[in-house]
Amino acid sequence: MHTYKFDTRISEDGVITLPFEPQLFNMEVEIIIVPKPQPIIKEQTAVDKFLETWSGAFKSLTDEELDNAKYEYLMEKHK
């Protein structure tokens, strides 16, 4: 037994269009319909925008320079 897989769309009238397959004409067939999942469109949040803007901003600093920058920031923050 052969199995055929078609990606198609069901019209508003409920009509399913299949590609031309003459070997299926005048035959009883079993149809299994599996809806394709719709892609989820994620809205960009404030966190996403922040990460996009600042990711890699300190990549050029050495570990020592980065530690000094963190130390200076914390000292200024907690005066």
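Student: What makes the meeting of the D7 and K5 side chains a salt bridge?

Tutor: The N to O distance between the side chains of D7 and K5 is 3.3 Å. A salt bridge needs a side-chain nitrogen of Lys or Arg within 4 Å of a carboxyl oxygen of Asp or Glu, so the pair of D7 and K5 qualifies. The model is a predicted one, in which local features need pLDDT of at least 70 and side-chain atom pairs count only at pLDDT 80 or more, while totals for chains, interfaces and linings use all residues. Residues are numbered from 1 along each chain as its sequence is written, and side-chain values use heavy atoms, with hydrogens and water left out.

Student: How do you know that D7 and K5 are exposed?

Tutor: D7 has 55% relative accessibility and K5 has a relative accessible area of 70%. Exposed means over 50%, buried under 20%, and partly exposed in between (1.4 Å probe, protein chains only).

Student: What makes K5, D7 and K36 a network?

Tutor: Salt bridges link the three residues. Besides its bridge to K5, D7 forms one with K36, where the closest N and O atoms are 3.4 Å apart. Both D7 and K36 lie in the segment before helix 1 (46-54), and the pair ties together parts that are 29 residues apart in sequence. K36, like D7, is exposed.

Student: How many salt bridges does the whole structure hold, and why does the pair of D48 and K42 count as one?

Tutor: The search finds four. Among them is the pair of D48 and K42, at 3.6 Å from N to O; this is within the limit, so the pair counts. D48 is partly exposed at 23% relative accessibility, whereas K42 is exposed at 63%.

Student: Why is the aromatic pair called stacked?

Tutor: The structure holds one aromatic pair. The rings of Y4 and F6 have their centres 6.2 Å apart and their planes at 5 degrees. Rings of Phe, Tyr and Trp (its six-membered ring) pair if their centres lie within 6.5 Å; planes under 30 degrees apart are stacked, over 60 edge-to-face, and the rest tilted.

Student: Are Y4 and F6 buried or exposed, or in between?

Tutor: Y4 has 34% relative accessibility, which makes it partly exposed. F6, at 25%, is partly exposed as well.

Student: Which residues make the nonpolar surface patch?

Tutor: I10, I16, L18, M27, V29, I31 and I33 make a patch of about 680 Å², an area from the Shrake-Rupley method with a 1.4 Å probe; for residues, only the protein chains shown count as cover. I10 belongs to the segment before helix 1. Its relative accessibility is 45%, which makes I10 partly exposed.

Student: How do you know that helix 1 lies largely in the open?

Tutor: Of the nine residues of helix 1, zero are buried, so the helix lies largely in the open. G56 follows helix 1, with a positive phi near 80 degrees.

Student: What sets the phi of N26 apart?

Tutor: N26 is not a glycine, yet its phi is positive, about 60 degrees. N26 lies in the segment before helix 1 and is exposed at 85% relative accessibility.

Definitions and conventions
Helix = DSSP H or I, 4+ residues; strand = E, 2+ residues; numbered from the N terminus. Patch = residues over 30% accessible without salt bridge, like charges linked within 9 Å, V, L, I, M, F, W, Y side chains within 5 Å.
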